[in-house]
Amino acid sequence: MTSSSSTPGLTAFNALDEHAATAALREACASTEWGRRLLAGRPYATTDVLLRASDAAMAELSTADLQEAMAGHPPIGRPEPGDPTSAREQRGMAGASEELRAEMLELNLAYQDRFGHVFLICATGRTGEQMRDAVKERIGNSPEQEREIVRTELGRINRIRLTRLVEEDAPA
């Protein structure tokens with residue numbers, strides 16, 4: 001997933017004007033502060049350096065910054081219509097039964113009532129059942145525990161999205 005050398009996509013990302021780079025980063029993560037920190041670190045020599053910068057920025061986000069980042073994610077089982085990233089990442093729910101979808105809706109609402117934000121998990125590669133089990137397990141966490149789990153999950157999502165940005169879908 002990571003690269004020790006520069007890719008054409010990374011070179012293109014480094015060369016984007018500030019507005020375009022900000023927009024590209026916003027697609028990866030809705031946190032303004034996270035994007036600002038990554039923008040300030042350009043140019044990146046390798047994908048690994050970019051990913052480490054993302055991890056460092058994520059570790060420093062405030063609770064408000066995390067809330068902003070989470071606001072950019074739809075609930076599990078309800079990807080944003082017309083958003084290929086959301087649909088791709090939540091593919092594990094695509095073939096879920098109506099029963100599982102209804103259960104996830106109920107669990108998402110209970111989680112949101114408890115924590116004040118959507119249940120956030122790096123859904124890539126997970127089945128609907130695995131996501132259901134994760135929300136069931138995590139709903140009993142304290143708000144502090146859950147905030148740190150969310151920070152970790154956001155970091156995983158950001159790594160996947162950044163890697164796709166610089167290695168597969170070279171920015172225009």
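**Exercise 1. Find which residues of α3 are buried, and what they pack against.**

Step 1. Apply the burial cut-offs: buried means under 20% relative accessible area, exposed over 50%, partly exposed in between, with a 1.4 Å probe and protein chains only. Helices are DSSP runs of H or I with at least four residues, strands are E runs of at least two, and both are numbered from the N terminus.

Step 2. Read α3. E33, W34, G35, L38 and L39 are buried there.

Step 3. Look for partners, where contact means heavy atoms within 4.5 Å. The buried residues of α3 pack against α2, α4, α5 and α9.

A note on the model: it is predicted, so local features need pLDDT of at least 70 and side-chain atom pairs count only at pLDDT 80 or more, while totals for chains, interfaces and linings use all residues. Residues are numbered from 1 along each chain as its sequence is written, and side-chain values use heavy atoms, with hydrogens and water left out.

**Exercise 2. Describe the loops on either side of α3.**

Step 1. Take S31, in the loop between α2 and α3. Its relative accessibility is 2%, so S31 counts as buried.

Step 2. List the contacts of S31, leaving aside neighbours within four places in sequence. They are R26, L61, D65, E68 and A69.

Step 3. Move to P43, in the loop between α3 and α4. The peptide bond from R42 to P43 is cis, with omega near 0°.

**Exercise 3. Describe the largest nonpolar core.**

Step 1. Define the set: buried Ala, Val, Leu, Ile, Met, Phe, Trp, Tyr and Cys residues joined through side-chain atoms within 4.5 Å.

Step 2. Count. The largest such core has 43 residues. F13, W34, L38, L50, I76, L154 and L162 have the most contacts inside this core.

Step 3. Assign helices. At least two core residues come from each of α1 (8-15), α2 (18-28), α3 (32-40), α4 (47-60), α5 (63-70), α7 (98-115), α8 (128-138) and α9 (143-167). The largest share, 7 residues, comes from α9.

Step 4. Zoom in on L50. Beyond its neighbours within four places in sequence, L50 is in contact with L10, F13, L38, Y44, L162 and V166.

**Exercise 4. Work out how α5 and α9 pack.**

Step 1. Two packed helices are described by the angle between their axes and the distance between the axes. Axes are lines fitted to C-alpha atoms, for helices over the stretch in contact, and angles run from 0 to 180 degrees between N-to-C directions.

Step 2. Read the values. The angle is about 55°, and the axes are 11 Å apart.

Step 3. Classify. Angles under 35 degrees count as roughly parallel, over 145 as roughly antiparallel, 65 to 115 as roughly perpendicular and the rest as oblique. α5 and α9 are therefore oblique to each other.

Step 4. Name the residues. T63, L66, A69 and M70 in α5 meet R147, V150, R151 and L154 in α9.
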